[in-house]
Each structure stands twice: as C-alpha cells, then as structure tokens.
Amino acid sequence: MVHVYSSQGTEFVRRVGKYILEAQDEALRDDPKAHFIVGISGGSLVKTLYEALVQDQEFAPKVRWSQWQLYFVDERIVPLDDPDSNYGAFKNGVLNPLAHRDGHLNLGPTVFAINESLVNGGPAEKDQLAKEYAEELPSSPFDLLLLGCGPDGHTCSLFPGEKHRYLLDLKEPVAHVSESPKPPSDRITFTLPIIEQASRVAFVAGGEGKKQVMHQIFDKHDTSLPTARINSLIPTKVSWFVDPGAWQLVQTVKPE
Ligand SMILES: O=C1O[C@H](COP(=O)(O)O)[C@@H](O)[C@H](O)[C@H]1O
C-alpha cells in the first residue's frame, strides 16, 4: 500500500521533516558513524527542505548533516551556478542558509554534484557526464529518495510520453536525457532500477497545478506516468506528501 499524507502550510512541511528524520535515525541506528544516503530532486522540494530542516526550530538541531551523503536524483546539464541547476538551487536554498545559521559555521552534508567541466560538450560528453555520475553512486542502496512530481506526472527527469518511454526500461542507474519537454533540454536522471532498490521513496507535491495529475495517478492508476509507475512497482516503500490544493480531485484514496 502506498501511504498518502495530506496537510497544508506548516503542518505539511513538518510532516515531511518528521519523515526525513525518521529515515535518518533508522539509517544511523545500528552504526552511529554510518552515512545517511539520500537523493533529492530540484524544483519546489528545495524550499520544503529549507523550511523543514533549517528553519524549523525543533527539527533543525536533530539533522545530522555531517553524516549525510547527498546526491541529485536528476540534474540539469548546465553550470552549477546557473539558475536552472538543481545543485545551485540547493546550495542557495539550503546549504548557504545552513552554513550561517545561528551565527556560527555549520557543517553541511557531503554533496555529489555533476562534473561541471563536461556541461558545454556535445552528446558524447553529456553521456560521459551521466556515466561519471553513476560511478559516484554509493555501493549500497539509497536510504531515502525525495522526489517531486511535475504537473505532467514526471519525476526525476523521467518524462511521460512516447518519445521518453524508453527511459522507463533503462537498466543503467543514471541516464542522459536530451530534448526534455521541460527546459533545460539536457539533463541526467536516476532510472527505475535505482529507485526500486531504495529503502524509502517519498514524493512531495503541492499546489493546485498538480490536482489533475494526482487524479490520473491515484484514481486512474495511469502507469504510463513515471510517478504512478513507481507507485505500482514498490507500493510498500512509497509515501506521498501532498497538500489539499493538489489532492482536491482525488476520490478513491483517503489520506492517512
Ligand atoms: O524539472 C524538474 O521538475 C520536477 C518537479 O518540480 P516541481 O517544482 O514541480 O516540484 C523536479 O522534481 C525535478 O527535480 C526537476 O528537475
């Protein structure tokens, strides 16, 4: 069963924060010196992470950042300081405010970014960039993947539609995507095998702009959408955090 939680505002952010801390504590329980291995999306998730893990007075001190190893489940192939970079958004939205929180220097996570020297190359360099990112991945499965859901049902940079259907069949853990329907056009993305192996997968989705796609995912079970496909592949490992704006058309599932 896929778990669905619907709440709004501060409650929404705190539910996400509580879930992340549970995943962190579970991963570090048996070996307090272990790493918590996390993959994050870009987009609206970054603001939620800031509010839940940096701004929240109760949760912030409980985040063991120095033990986090953090990867991007997808990345746009642009320089790291480009406004479209997922790394750049996370740096500006979470790492920088974290570093200066409470007036002293705080240690952040170990962050794995793409090889920036390849971003202006041709298709071969972009394929190489995906291959190199795959080589950086941990040897054990991810403890947690925090995913977004676009209004078209995409997650990571796994897009729906005929042209990108092949992405759902790929076996390599990281793929180069060209001609993305959402700019920028060139990206890398985690693929389904790596998502399926993760211990926990959470989707975080808010706003009215996502109400139609939620209906497609939860009422219509449209598994041509990468998000719905993940629900059907690993239902017991998936949780959804959705706000009432996004949830308003769903009729067949009652949030917990
Ligand atoms: O392009 C992307 O979009 C998705 C969804 O973003 P959101 O702003 O609607 O939450 C995001 O999860 C992905 O990482 C990003 O590259």
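Author: Let's start with a working idea: two residues are in contact if their C-beta atoms, placed from the backbone, lie within 7 Å. Keep in mind that this is a predicted model. Among contacts in the chain between residues at least 6 apart in sequence, 75% link residues at least 24 apart.

Reader: Okay, how many helices and strands does the chain have?

Author: Eight helices and ten strands. The radius of gyration is 17 Å, close to the 18 Å that the globule rule gives for 256 residues, so the chain is as compact as a globular protein of that length. Its C-alpha trace spans about 50 × 45 × 35 Å along the principal axes, and 42% of the 256 residues are buried.

Reader: Which residues does the UniProt domain annotation cover?

Author: Residues 10-231; the unreviewed UniProt entry carries "domain: Glucosamine/galactosamine-6-phosphate isomerase" there. Over that stretch the chain is 35% helix and 14% strand, with the end C-alpha atoms 26 Å apart.

Reader: Now the sheet. What is the order of the strands in it?

Author: General idea to begin with: strands of a sheet pair through backbone hydrogen bonds, either parallel or antiparallel. Here, seven strands make an open sheet, running β1-β10-β9-β6-β2-β3-β5, and the pairing is parallel. At the edges stand β1 and β5, each with a single partner strand, so one side of each is left without a neighbour in the sheet.

Reader: Which strands pair with β10, and over how many bridges?

Author: On one side, β1 (residues 3-6) pairs with β10 in the parallel sense over four bridges; Val4 has Trp240 of β10 as its bridge partner. Strand β9 (residues 201-205) also runs parallel to β10, joined by five bridges, and there Val204 sits opposite Phe241. As for cover, four of the five residues of β10 (residues 238-242) are buried.

Reader: And what joins β3 to β5?

Author: Two bridges, with β3 (residues 68-72) and β5 running parallel. Leu70 stands opposite Val111 of β5.

Reader: Can we zoom in on one residue of the sheet? Is Val38 buried or exposed?

Author: To call a residue buried, you need 20 or more other C-beta atoms within 10 Å of its own. Val38 has 22, so Val38 is buried. You'll find Val38 in strand β2 (residues 36-40). Leaving out residues up to four places away in sequence, Val38 touches Trp68, Leu70, Phe142, Asp143, Leu144 and Leu146. Also look at Gln69: 31 residues from Val38 in sequence, but 6.2 Å away in space, C-alpha to C-alpha.

Reader: How should I read a helix, then? Which residues of α2 are buried?

Author: An α-helix has 3.6 residues a turn, so residues three or four places apart point the same way. In α2 (residues 45-55), eight of the eleven residues are buried: Leu45, Val46, Thr48, Leu49, Tyr50, Ala52, Leu53 and Val54.

Reader: What do those buried residues pack against?

Author: Against α1 (9-28), β2, α3 (86-99), β6 (144-147) and β9.

Reader: Last one: which residues surround the ligand?

Author: Ser41, Gly42, Gly43, Ser44, Leu45, Asp74, Asn86, Gly148, Gly150, Ser157 and Lys182. By type, that shell divides into one nonpolar, eight polar and two charged residues.

Methods
Residues numbered from 1 in each chain as written. Predicted model: local features only at pLDDT ≥ 70, side-chain atom pairs only at ≥ 80, totals over all residues. Near = placed C-beta within 6 Å. Nonpolar A, V, L, I, M, F, W, Y, C, P; charged D, E, K, R; others polar. Rg over C-alpha atoms; globule rule 2.2 N^0.38 Å. Buried ≥ 20, exposed ≤ 12 C-beta atoms within 10 Å, placed from the backbone. UniProt positions renumbered as here; feature names shortened; annotations may be inferred. Pairing = 2+ DSSP bridges.
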